[in-house]
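Here's a quick briefing to read with the model open beside you. It goes topic by topic, with cut-offs given as they come up.

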Amino acid sequence: MALVAKFTFNPFQENTYLIYDKTGECAIIDPGCYTQTERDALADFIDKEKLTPVRLINTHCHLDHIFGNRFVADRYGLGLEIHQGELDVLRAAGQVALMYGVPMPDESPLPSSFLQEGQSVEFGNTRLQMLLAPGHSPASLCFYSEEDGFVIGGDVLFKGSIGRADLPGGDYDTLIRSVREQLFPLPEATIVYPGHGPRTTIGAEKTSNPFFQ
């Protein structure tokens, strides 16, 4: 059984997720830790639970989801894993951060490997199926655990909303199609852990999300 720990970090109130199971191995997804206090909170949880980070993954590479990439990569000796379609977004993050007046605490490392849709992320006893869901960004990935009934959704689908589609590489029609084709076919009880805000379920969003009524 995989467990999900959520941390809300940085001025954008981004959700960082740590997925782990009884083996102690874990994946860190979208480390947004910006300040030293936020870095300590993530590291202290890992130490307290006696976990061993083995994967560093970005659902997509907007700056609020990658602030902690360098910290995690250096502290735990991990290579960054992203979809190749996010590489230009990653490379532009430093410049974008300056435009927002929130400079990168450290430059993110470049990826050591690329993730591709249709594959799965595996660690310990956990398997996460990758779902390609562009629209908010060029190649956003969601990570679905069929066994445990949850999906790490990045900024694709929120409680009562969807991700922005007006950022570089975004497209509204593509985003709507991604949700309909990649997320809504999942079981309605599936818990959605989004990149911002509270969790929701696939069933709740199919029923009440105003973008799909």
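**A buried aspartate and its neighbours**

The side chains of D64 and H196 are joined by a polar contact of 3.1 Å (a pair of N or O atoms within 3.5 Å; within protein, one must be able to donate a hydrogen and the other to accept it, and residues adjacent in sequence count only if both atoms are side-chain atoms). Before going on, note that this is a predicted model, where local features need pLDDT of at least 70 and side-chain atom pairs count only at pLDDT 80 or more, while totals for chains, interfaces and linings use all residues. Residues are numbered from 1 along each chain as its sequence is written, and side-chain values use heavy atoms, with hydrogens and water left out.

**More on D64**

- You'll find D64 in the loop between β4 (52-57) and α2 (69-76); helices (H or I, at least four residues) and strands (E, at least two) are DSSP runs, numbered from the N terminus.
- D64 is buried (under 20% relative accessible area, with exposed over 50% and partly exposed in between; 1.4 Å probe, protein chains only).
- D64 has no salt bridge (a side-chain nitrogen of Lys or Arg within 4 Å of a carboxyl oxygen of Asp or Glu), and the nearest side chain of opposite charge, R164, is 9.0 Å away (Lys and Arg count as positive, Asp and Glu as negative; His and the chain ends are not counted).
- Leaving aside residues up to four places away in sequence, D64 touches N10, F12, E14, G32 and H196 (heavy atoms within 4.5 Å).

**Helix α4**

- At the start of α4, a side-chain oxygen of D171 comes to within 3.4 Å of the backbone nitrogen of D173.
- T174, L175, I176, S178, V179 and L183 are the buried residues of α4, and what covers them includes β8 (126-132), β9 (141-145) and α5 (202-208).

**F211**

- F211 sits in the segment after α5 and is partly exposed, at a relative accessible area of 33%.
- Beyond residues up to four places away in sequence, F211 touches G160, S161, I162, Y172 and I176.
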